[in-house]
Amino acid sequence: MREVRSSDFGDRARIRMYFPRKGSQFTPPHNSIDFSWKDYCPMVFRNLREMFKLDAAEYMMSICGDDGLRERSSPGKSGSIFYLSHDDRFFIKTLKKTELKVLLRMLHEYYIHVKKHENTLITKFFGLHRITLRGGRKVRFVVMGNMFCTELRIHRSYDLKGSTVGRCTDKDKIKENTTLKDLDLSFEFQMDKLLREYLFKQISIDCEFLESQQIIDYSLLLGLHFRAPEHLKALLELPTTATNSDSLPRTDGIIGSQGELIIPPKGLLLVTHEPSFVSTAPGPHIRGSTLRAFSVGDKEVDLLIPGTGRFKVQLGVNMPAQANHKLLDNECDSNEVELFEVYDVVLYMGIIDILQEYNVKKKIEHAFKSLQFDPQLISVVEPKFYASRFINFLKKKFPEQP
């Protein structure tokens with residue numbers, strides 16, 4: 001147990017071990033082929049795990065336990081392979097050599113940043129490793145926190161960069177677990193005034209850090225859990241003369257016992273924080289502080305979900321909001337009244353894919369794509385403009401309330 005030193009970040013700050021199949025004096029026997037293991041900056045990542053309040057034994061069992069890992073398909077074009085730990089707490093992502101070098105280069109500044117900002121939305125890194133197989137093939141990978149580690153189901157997820165060129169998903173390819181893109185997001189989110197203020201303050205701080213490291217192409221990974229959908233159009237269309245409520249469609253409390261129209265109950269409630277009533281189990285998000293909400297008198301809050309449980313509200317975790325979707329003219333019968341679908345949602349979010357430098361290759365890509373498209377709309381732009389566009393896009397999706 002000691003503080004991190006400058007030497008812990010250098011090229012020599014790594015551990016190598018050989019794992020023969022039959023085992024050795026220092027390694028156990030195993031069922032795989034012979035391989036060599038390299039652990040990058042082990043003291044730095046050990047301190048990061050302790051900073052994020054991860055128990056060493058539980059971490060080892062999550063990654064290396066008998067239950068193994070589940071492979072997940074990659075939503076991006078990087079070609080990386082993703083694995084998820086059996087308890088859903090950790091992602092393991094294979095890296096290109098260039099990405100590994102970027103992470104090692106920025107690791108010192110990353111360490112300072114997450115130590116200073118406990119509510120950072122930037123990906124939490126827990127370990128960086130390399131396996132060399134017989135024949136010389138190398139597999140590099142990083143262990144990260146799963147931002148969607150929650151007992152609530154994530155019904156829809158989005159990867160948001162703030163650009164529009166090519167940022168939509170082919171409707172024929174959308175499946176239940178498909179991660180959608182910028183142009184697919186038809187919702188605007190209304191949040192508590194103070195929660196929104198916390199959110200954009202931290203996004204600005206995190207983007208400033210990424211800009212200082214010349215990083216682009218990062219995304220806000222946004223997950224939505226829907227509660228008590230309130231279809232205002234359905235409210236208007238439901239018959240008022242019905243007397244048998246059992247014969248009417250279930251609409252989350254819209255129909256009363258006498259068949260009358262009533263306003264659906266709120267699916268989410270913000271209540272004053274009570275530590276003894278919320279779970280304190282260690283996890284990828286446990287380090288963030290409890291947030292204060294304007295709607296309960298600037299006090300720390302928990303999210304109460306009737307019939308489900310009580311959750312600690314942190315930045316990017318268990319954040320309540322109202323998702324509004326404006327119906328287009330072809331979706332409603334009236335041209336005189338603007339109609340909206342309104343949902344109570346719980347939001348989970350974080351900034352991911354932070355290992356792409358704005359290097360010579362990316363500058364050439366920017367110049368080439370600028371000949372085909374508006375240079376302000378393409379994904380590959382210089383870091384300062386990328387950060388500004390990213391924040392402005394999110395502010396439009398999370399508009400400030402009057």
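**Close-up 1. Asp-182 and Arg-167 form a salt bridge.** The model is predicted; local features need pLDDT of at least 70, side-chain atom pairs count only at pLDDT 80 or more, and totals for chains, interfaces and linings use all residues. Residues are numbered from 1 along each chain as its sequence is written, and side-chain values use heavy atoms, with hydrogens and water left out. The N to O distance of the pair is 2.8 Å. A salt bridge here is a side-chain nitrogen of Lys or Arg within 4 Å of a carboxyl oxygen of Asp or Glu. Asp-182 lies in the loop between strand 9 (179–180) and strand 10 (188–190), and Arg-167 in the loop between strand 8 (156–160) and strand 9, so the pair ties together parts that are 15 residues apart in sequence. Strands (E, at least two residues) and helices (H or I, at least four) are DSSP runs, numbered from the N terminus. Both Asp-182 and Arg-167 are buried (under 20% relative accessible area; exposed is over 50%, partly exposed in between; 1.4 Å probe, protein chains only).

**Close-up 2. Glu-357 meets Arg-105 in a salt bridge.** N and O are 2.9 Å apart. Glu-357 belongs to strand 19 (residues 356–357) and Arg-105 to helix 3 (residues 97–116), so the pair links parts that are 252 residues apart in sequence. Glu-357 is partly exposed, at 25% relative accessible area. Arg-105 is partly exposed too, at 38%.

**Close-up 3. Lys-369 and Glu-365 pair within helix 6.** The closest N and O atoms of this salt bridge are 3.1 Å apart. The two residues are four apart in helix 6 (residues 360–370), which means about one helical turn separates them. Lys-369 is partly exposed at 30% relative accessibility. Glu-365 is partly exposed at 23%.

**Close-up 4. Helix 3 packs with helix 4 (residues 193–212).** The angle is about 165° and the axes are 11 Å apart. Axes are lines fitted to C-alpha atoms over the stretch in contact, and angles run from 0 to 180 degrees between N-to-C directions. The pair is therefore roughly antiparallel (over 145 degrees). The crossing is right-handed (the near helix is turned clockwise from the far one by less than a right angle). Met-106, Glu-109, Tyr-110 and His-113 of helix 3 make the contact with Ile-205, Asp-206 and Phe-209 of helix 4 (heavy atoms within 4.5 Å).

How values were computed. Parallel < 35°, antiparallel > 145°, perpendicular 65-115°, else oblique.
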